[in-house]
Amino acid sequence: MSVPSVVVHRDADVLANAVAARIITRLVDVQSARGSASIVLTGGTVGIATLAAIAATPARDAVDWHRLDIWWGDERFLPSGDKERNETGAREVLLDHVDVNPERVHVMLGPDSGLTAEESAESYAAELRRAARPEDHAPVPGFDVMLLGMGPDAHVASLFPGMPALYDTRAVVAVHGAPKPPPTRISLTLPAIQSSREVWVVAAGEEKSGAVRLALSESGHVQVPASGARGRARTLFLLDRAAASKIPPELGRISSP
């Protein structure tokens, strides 16, 4: 796994716009080289703000949205269209405004599908297996970019400290009893996250600063799940100044104006 690099931006608004620009550049580069690309989306305040920033810039048209596979790192186990679903937020601010191929938008199914949470997780794992190529050497695709938010408790996706999902070697799991609502969720596991070519952890706010410090240390991933969020080729922690305020200076972060 790669060693994390840290990039710090002035505030949450600048961070969202900067991450949006990075995403566009990365996807265009991958599509130029390979024809198609893949991205894993996240929810949360900064995650959705980033997608809105992509939608707001004319540079979005540089991406061939029809040749982009869109996945999610986790989802709340709620019915389709529920305003609390990560998918709903992504559609409202970005996906409904670009020319995506519906067959390449890979949604984690909710209870309205008739599936249980466990069956939804199994269904998503099967979809990931079908998309994986021999060169990925894993039961999931080698995602070009995986976006992850991070909570003040250092959770990523729906992998919360100390919970059984952190010991699971399957690609996708149902999570029950999550410490923040709703309690039932579907999540990629750390092995699936670590299959990504690039993992970008995006965090803003002083309340995240302690978790950021732990995630960049040698802390174990069972108590600090974000410490296991690493990409094969590259790992970025993209932060605002408040979230970066407790990072030791020896980490050599790169600050933007």
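Student: Can we start with β2, and how many of its residues are buried?

Tutor: Strand β2 covers residues 37–41, and five of its five residues are buried, which leaves the strand mostly covered. Keep in mind while we talk that the model is predicted.

Student: Which way do the residues of β2 point?

Tutor: A37, I39 and L41 point one way from β2, while S38 and V40 point the other way, and all are buried. As background, side chains in a regular strand alternate between the two faces of the sheet.

Student: And which strands does β2 pair with?

Tutor: On the one hand, five bridges join β2 to β3, which takes in residues 68–72, and these two strands run parallel; within that pairing, A37 has L68 in β3 as its bridge partner. The chain gets from β2 to β3 by way of helix α2, residues 44–56, and this β-α-β crossover is right-handed. On the other hand, β2 also pairs in the parallel sense with β5, residues 145–149, over two bridges, and there V40 has M146 as its bridge partner.

Student: Okay, new topic: what's around Q31, and is it buried or exposed?

Tutor: Q31 sits in helix α1, which spans residues 12–34, and Q31 counts as buried because its relative accessible area is 6%, under the 20% cut-off. If we leave aside the neighbours within four places in sequence, Q31 is in contact with S36, A37, V63, D64, R67 and L68.

Student: You mentioned α1 and α2, so at what angle do they pack?

Tutor: Helices α1 and α2 pack at an angle of about 60 degrees, and their axes are 8 Å apart, which makes α1 oblique to α2. The crossing of these two helices is right-handed.

Student: Which residues of α1 and α2 meet there?

Tutor: From α1 there are L15, A16, N17, V19, A20, I23 and I24, and they meet V46, A49, T50, A53 and I54 in α2.

Student: What about α2 and α3, roughly parallel or roughly antiparallel?

Tutor: Helix α3 covers residues 86–93, and α2 and α3 pack at an angle of about 25 degrees with their axes 8 Å apart, so the two are roughly parallel to each other. The contact is made by G44, I48, L51, A52 and A55 of α2 together with N86, G89, A90 and V93 of α3. The crossing of α2 and α3 is right-handed.

Student: Which peptide bond is cis, and where does P182 lie?

Tutor: The peptide bond from P181 to P182 is cis, with omega near -10 degrees, and P182 lies in the loop between β6 and β7. For comparison, most peptide bonds are trans, and most residues other than glycine have a negative phi.

Student: Then which residues other than glycine have a positive phi?

Tutor: Two to look at are H137, whose phi is near 55 degrees, and A157, whose phi is about 50 degrees.

Student: Last one: where is M1, and what is it in contact with?

Tutor: M1 is in the segment before β1, which takes in residues 4–9, and M1 is exposed, with a relative accessible area of 65%. Setting aside the neighbours within four places in sequence, M1 is in contact with Q194, R230, G231 and R232.

Terms used:
Residues are numbered from 1 along each chain as its sequence is written. This is a predicted model: local features need pLDDT of at least 70, side-chain atom pairs count only at pLDDT 80 or more; totals for chains, interfaces and linings use all residues. Side-chain values use heavy atoms; hydrogens and water are left out. Helices (H or I, at least four residues) and strands (E, at least two) are DSSP runs, numbered from the N terminus. Buried means under 20% relative accessible area, exposed over 50%, partly exposed in between (1.4 Å probe, protein chains only). Contact means heavy atoms within 4.5 Å. Two strands pair if DSSP finds at least two bridges between them. A crossover is right-handed if, with the strands pointing away from the viewer, the path from the first strand over the helix to the second runs clockwise. Axes are lines fitted to C-alpha atoms, for helices over the stretch in contact, and angles run from 0 to 180 degrees between N-to-C directions. Angles under 35 degrees count as roughly parallel, over 145 as roughly antiparallel, 65 to 115 as roughly perpendicular and the rest as oblique. A crossing is left-handed if the near helix is turned anticlockwise from the far one by less than a right angle, and right-handed if clockwise.
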